[in-house]
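Dear colleague,

I am passing on a structure for you to look through, with some notes on its salt bridges below. Please keep it open beside the text as you read.

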Amino acid sequence: MTEILLKTLPFFALIGLGWAAAATRFFPAQGAAWLTKFVFYFALSAMLFRFAAGVDLGQLFDLRFVLAYLAGSTAVWALGLCIARARGLALPEAAMEAQCCMIGNTGFLGVPMLVVLLGPAAIGPVLMVLIIDMLVFSTLITLIVHGSRHGGLRLVAALPVLRGVAANPMILAMVAGLAWGGMALPMPAPLDEFLALLGAAATPGALFAIGASLAGRRLARLAPSAWLSGAKLVLHPAAVGLAAWGFGVDPVAAGVMVVAAGLPVAGNVYILAQHFGLAQQRVSTAILISTAGSIATIPVLIVLIGA
């Protein structure tokens, strides 16, 4: 346990460094925004392309893995929705809380950290979790909010969602990488070194940016935010772990899925909350609490899966 904790500490130390730099205003808010943009469009995209180019497309898509992750995640999402509705929240606001319960920071935290901690075998499962979250659950929340506000779902409502997914640089990078690998194209040494050099900036850049973004958040609405954080850090990995066992998912892939499910609430949930004007303070506080709490919970999950 101590050994795992020591391995994860450098990653969270980078988050803490970003938080301290922004909290003391040594690193301005505009700097955090531009660093995030650099990581999102360049460094992380290079890392994802390089990872995807080395993954066998046939091995990446495992139906049992997909069904298990969807089953466990949907169960937690539905639980979050039901509890929010029982508290008297309207459907769009309840759906936003449900997102908090199961959308983890896979892109900025999971991809850089889990591949280092769990090894190359984690690449395929982490990419699949990222794809499912973006394609299924980000689309779901958008359609629910749109349908609630416009008196029902319309086909035209899905078009902006699909355009947003298609234009997402992480999706584009993964699709391009999978296509490159699928066509068995050679990777020229200069290109590989360029991608490796640019992708190497993703880990420190993403973690520093996460910390810097947390500096502007304030604790409020603690009771609901603590519930959302607990659901994300504890219930989500437990649910997908149970589903992985039930569907007979390969133990290595199942372990990666469980740890990925235990990642803290993703920053893009707050972007959606802000865009729709729904539960911004609860989402913001849940991101802060779950990120701090994951310092303790992620090492425990790694120990439990026997990595």
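**Salt bridges in the predicted model**

The side chains of Glu 97 and Arg 282 meet in a salt bridge, at 2.8 Å from N to O (a salt bridge being a side-chain nitrogen of Lys or Arg within 4 Å of a carboxyl oxygen of Asp or Glu). This pair links distant parts of the chain, with Glu 97 in helix 5 (residues 91-102) and Arg 282 in helix 15 (residues 280-304), 185 residues apart; helices here are DSSP runs of H or I with at least four residues, numbered from the N terminus. Glu 97 counts as buried at 1% relative accessibility, and Arg 282 is likewise buried at 5%, where buried means under 20% relative accessible area, exposed over 50%, and partly exposed in between, for a 1.4 Å probe and protein chains only. Through shared partners, salt bridges join Arg 87, Glu 93, Glu 97 and Arg 282 into one network.

This is a predicted model, in which local features need pLDDT of at least 70 and side-chain atom pairs count only at pLDDT 80 or more, while totals for chains, interfaces and linings use all residues. Residues are numbered from 1 along each chain as its sequence is written, and side-chain values use heavy atoms, with hydrogens and water left out.

Arg 50 forms a salt bridge with Asp 192, their closest N and O atoms being 2.9 Å apart; Arg 50 lies in helix 2 (residues 29-53) and Asp 192 in helix 10 (residues 189-200), 142 residues apart. Arg 50 is partly exposed at 33%, as is Asp 192 at 26%.

By the rule above, the count comes to 5 salt bridges.

With regards

Key:
Helices (H or I, at least four residues) and strands (E, at least two) are DSSP runs, numbered from the N terminus.
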